[in-house]
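Please keep the sequence and the coordinates in view while reading.

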Amino acid sequence: MGARTLWILSLGLLSLALPQERPKLPLDSLPESLGETLPAGLEGELPPAGQAEIALGRRLFFDPVLSADGSVSCASCHDPARGFAGGERFSLGIGGQRTLRNSPTLFNRGLAERQMWDGRADSLAAQALLPIADPREMGSSVEDALARLGRSKEYAAAFEAAFGGPANPERLGRALAAFVGRLTRANSPVDRFRIENDFAALSREERAGLWFYESRGRCWKCHGGPNFSDEKFHNTGVGAVEGVPEPGRMAITGLSQDRGRFKTPTLRGLDLTAPYMHDGSLSTLEDVVRFYREGGRENADLAPELAPIEMTDEDAAHLVAFLRALSRELGAR
Ligand code: HEC
Ligand code: HEC
C-alpha cells in the first residue's frame, strides 16, 4: 500500500469518526387539521388560503427539497417541538454553517405584516423565499428550488390543486405563508383570566407577575396587545458592545433613529423557545428578567421606555411565573 493510499484511507476514517454535523429534519407530527379559527386571546384574521394551499405549504415546510443539497428544511430551524424556534443560540444551516441570528418562533406571525428581527420582509410570502436563497440557511436559489420541485409529479399535482397552475415564485411563497400563518398559540390561563375574569385561572404568584408586567415592569409598553407584541422596533441594547449597538433596523430603513432597533417578539410560548433575543444571548427567563431589571444594556440609542426597574427578588420570580403561565395552553372548553 503506497503512502498516498494510506493518506486517503486515514482521511476517510477521520471523516467517519467526525461526521459533519447535519441539521435535524423534524417530522410533521402536527394535528391533521390546523383549525381556521383563532384560539382565545388572539385578535385579527388569518390570511385567507384554501385547504390545498395550506397542505402544500405544510409539506414544503418539512421537506429538505428546498435546500441545495437536500439537507435542510424550514423545520430544521423552526422545530415544532420547540415552538417553531431554533432551540440553539444559532441554528445549523447548509454545510455546517450557523445562522447569524437566533431563529425566532413562528407562532402568530400570520397576524402581523413585517417579518424578521429587523423587519426586512414585508409579508410572510415575501419572507418565505429568503431562507431558500440564503447561503447559510438553505444555500439554493428560488429558481433552482422550483426546478427541483418541477421534477416531482406529486408536487406538480399539488401546485395544480392549490393554484390551478404550475409552481412559480409567487405560488411557492404563498403556499409556505398559508401554512406558517396558521401556526397559532394562545388560549393560556392569562387569556382565561383576562377574557372570562376567571380569577382562579392564575395562581397568586402569576397574578402578581401580571400586575408587575402591567405596572412598574413597563413590559406592556412594547409587549402589549393580544400577541404581547406591538410589532414595532426598539433598541433594548441586546447585542450592543461597549455602548455601540448593532445596526438592526437601521440597516433596512437607513434612518439613524432605527440604530440598534429590533422587532418586539411575542411573549407567547416562551417555555418552548429558549434561548431568547435576536442573538440568543439570554438562556433563561430569569436571565431576561435580570436584563430588564438592570434597564437593558446601556448604549446611546437605548429605548426611552427602558431604565433600571425597582424590583425585589420576589417580584422577579412573579414576573417569570407570569411569563410561564402565558406559555401554558388550556384545553378547549
Ligand atoms: C438555517 C436556519 C433556518 C432555516 C432553514 C429557515 N429559517 Fe426561518 N429564520 C431563521 C432565522 C435565523 C430567522 C431570523 C432572521 C433575521 O431576522 O435576520 C428566521 C426568521 C423567519 C421568519 C420571521 C419570523 C419573525 O418573527 O419575524 C419566518 C416567518 C421564517 N423564518 C420562516 C421560515 C420558512 C417558511 C422557512 C423555509 C422556507 C425557513 N424559515 C427556513 C432561520 C431559518
Ligand atoms: C422598549 C420596548 C420593550 C420593553 C419596555 C420590554 N421589551 Fe421585551 N423585548 C423588546 C424587544 C425589541 C425585544 C427583542 C430585543 C432583541 O433581541 O434585540 C424584546 C425581547 C424580549 C424577550 C425575548 C423573547 C424571545 O422570543 O426572544 C422577552 C422574554 C421579553 N422581551 C420580556 C420582556 C419583559 C418581561 C419586559 C418587562 C420587564 C419587557 N420585555 C419589556 C422590547 C421591549
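In this predicted model, 22 residues of domain 1 are in contact with 23 residues of domain 2. The side of domain 1 that touches domain 2 consists of 9 nonpolar, 6 polar and 7 charged residues. According to the domain assignment, domain 1 covers residues 20-180 and domain 2 covers residues 189-327. The centres of domain 1 and domain 2, taken over C-alpha atoms, are separated by 27 Å.

The surroundings of the two ligands may be considered next. Ligand 1 is surrounded by 27 residues, of which Cys74, Cys77, Gly93, Trp117 and Pro131 are the closest. Two or more residues of this shell are given by each of the elements α3 (74-77), α4 (124-133) and α7 (169-180). The largest share, 5 residues, belongs to α4. Divided by class, the shell around ligand 1 contains 15 nonpolar, 8 polar and 4 charged residues.

Around ligand 2 there are 25 residues, and the closest are Cys219, Cys222, Phe262, Tyr276 and His278. Here the largest share, 3 residues, is supplied by helix α11 (residues 285-293). The classes in the shell around ligand 2 are 15 nonpolar, 7 polar and 3 charged residues.

Attention now turns to the interior. In soluble globular proteins, nonpolar side chains tend to be buried together. The largest nonpolar core has 36 residues, and those touching the most other members are Ala128, Ala175, Leu176, Ala177 and Val180. The elements α2 (51-61), α3, α4, α5 (142-150), α6 (153-163) and α7 each give two or more residues to this core. Helix α7 provides the largest share, 7 residues. Beyond residues up to four places away in sequence, Ala175 touches Glu53, Leu56, Gly57, Leu60 and Ala162. Another core lies apart from the largest one; its 25 residues include Leu202, Tyr276, Leu285 and Val288.

The buried residues of α12 are Ala316, His318, Leu319, Ala321, Phe322, Leu323, Ala325 and Leu326. What covers these buried residues includes α8 (189-196), α9 (204-214) and α11.

Most residues other than glycine have a negative phi, and most peptide bonds are trans. Which residues does a cis peptide bond join? They are Ala274 and Pro275, with omega about -5 degrees; Pro275 is found in the loop between β2 (262-263) and α11.

Asn187 has a positive phi, near 50 degrees, although the residue is not a glycine. Asn187 is found in the loop between α7 and α8. Is Asn187 buried or exposed? Asn187 counts as buried because 21 other C-beta atoms lie within 10 Å, where the cut-off is 20 or more.

Phe228, likewise not a glycine, has a positive phi of about 55 degrees. Phe228 is found in the loop between α9 and β1 (233-234). With 23 other C-beta atoms within 10 Å, Phe228 is therefore buried.

Note on methods:
Residues numbered from 1 in each chain as written. Chains lettered and ligands numbered in written order. Predicted model: local features only at pLDDT ≥ 70, side-chain atom pairs only at ≥ 80, totals over all residues. Near = placed C-beta within 6 Å. Helix = DSSP H or I, 4+ residues; strand = E, 2+ residues; numbered from the N terminus. Nonpolar A, V, L, I, M, F, W, Y, C, P; charged D, E, K, R; others polar. Core = buried A, V, L, I, M, F, W, Y, C linked by C-beta atoms within 7 Å. Buried ≥ 20, exposed ≤ 12 C-beta atoms within 10 Å, placed from the backbone. Contact = placed C-beta atoms within 7 Å. Domains from an automatic or database assignment.
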